[in-house]
Amino acid sequence: MKKVLAFDIDQTLNIAKTPIPDEIADLLISCLDHFEICPISGQKFDQFLIQIVDRLVERGVKPEALAHLHLFVAQGTQYYRYASSGAYNPKNWQQVYNFPLTDEQVAKITSAIETAAKELGYWEEDKLKEGDEIIENRLSQVTFSALGQKAGTEEKYAWDPDCKKRNAIVARAKELAPEFDYEVGGTTSINAITPGMNKKFGMTHLMEELKVTEKDILYFGDMTQPGGNDYPVVQMGIDTITVRSHEDTAYALRGILGVTE
Ligand SMILES: [Mg+2]
């Protein structure tokens, strides 16, 4: 019996960058009664709240059940845990650990990705919404989002469906700043990290914090192919379910929970 269900977020629990649908929220609430639940993604903490936690609260999760929800933010380089059983309050999330990049590392990565995207003609600054940005410092990683954070979902899906643009940017950025790792994720994103600060790092710390081993974990992700940001989990020998969308995840969770409808 698995003890932990771990999930990529974008396109595994939701439509990329949007709050999880009701069905997923309800299934996760049921899962909290039986498993430790660990979303792990390149996103920032506030997006974990908006996309997952707020939805669970809206769907009636008991605050004490949140003790079984473990947020592995920025590929697990930051870990947050909920520490109270009273009425839900987002202030009760506590950061357990954090491994940030240095300012110098952030500057080097930013320059390499920007140069690569500009050389290749993929620097879409003119398409940004007001106040949005293409490259974002997420403390433990730097993230390139080709059309910014605020672009529409359809526009994002259409930008690089076969990952060719992002693979080209990654290849060039790797030449310019080879000391970092670059991973393709979501629909328009590239995450740059220091080597080893990928989902393997996050999952290793998850095992340490939750006192479990690889065998205790079942992981869900949509980018489990070599080069994808879920691949390091596969390489660790953790049992992995590859999904095409949150609908596949819901199907698998219904099976795990024995829900037949
Ligand atoms: Mg994903």
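Helices (H or I, at least four residues) and strands (E, at least two) are DSSP runs, numbered from the N terminus. F45 lies in one such run, helix 2 (residues 45–58). The model is predicted: local features need pLDDT of at least 70, side-chain atom pairs count only at pLDDT 80 or more, and totals for chains, interfaces and linings use all residues. Residue numbers start from 1 along each chain as its sequence is written.

**Overall form**

The protein contains eight helices and eleven strands. Its C-alpha trace spans about 50 × 35 × 35 Å along the principal axes. The radius of gyration is taken over C-alpha atoms, and the globule rule is 2.2 Å times the number of residues to the power 0.38. For 261 residues a compact globule would have a radius near 18 Å, and the protein agrees because its value is 18 Å.

A residue is buried if 20 or more other C-beta atoms lie within 10 Å of its own, exposed if 12 or fewer, and partly exposed in between, with C-beta atoms placed from the backbone. By this count 43% of the 261 residues are buried. Two residues are in contact if their C-beta atoms, also placed from the backbone, lie within 7 Å. Among contacts with a separation of 6 or more, 65% join residues 24 or more positions apart.

**Domains**

Domain bounds come from an automatic or database domain assignment. This gives domain 1 (4–99 + 197–257) and domain 2 (103–193). Their contact takes 17 residues from domain 1 and 15 residues from domain 2. For residue classes, Ala, Val, Leu, Ile, Met, Phe, Trp, Tyr, Cys and Pro count as nonpolar, Asp, Glu, Lys and Arg as charged, and the others, Gly among them, as polar. On the side of domain 1 that touches domain 2 there are six nonpolar, nine polar and two charged residues. The centres of the two domains, taken over C-alpha atoms, are 24 Å apart.

**Helix 1 and helix 8**

Axes are lines fitted to C-alpha atoms, for helices over the stretch in contact, and angles run from 0 to 180 degrees between N-to-C directions. The axes of helix 1 (residues 22–31) and helix 8 (residues 246–257) come within 10 Å and cross at roughly 30°. Helix 1 contributes E23, I24, L27, S30 and C31 to the contact, and helix 8 contributes H246, T249, A250, L253, R254 and L257. By class these are six nonpolar, three polar and two charged residues.

**Individual residues**

Two residues other than glycine have a positive phi value, A74 and C163.

| Residue | Phi | C-beta neighbours inside 10 Å | Class |
|---|---|---|---|
| A74 | near 50° | 27 | buried |
| C163 | near 65° | 17 | partly exposed |

A74 is placed in the loop between strand 3 (70–73) and strand 4 (78–82). C163 is in the loop between helix 4 (153–159) and helix 5 (164–176).

Q11 belongs to the loop between strand 1 (4–7) and helix 1. Q11 is buried because 22 other C-beta atoms lie within 10 Å. Not counting residues up to four places away in sequence, Q11 touches A16, D222 and S245.

Leaving out residues up to four places away in sequence, F45 touches V73, Q78 and Y80. F45 and F72 are 27 residues apart in sequence, and their C-alpha atoms are 8.6 Å apart.
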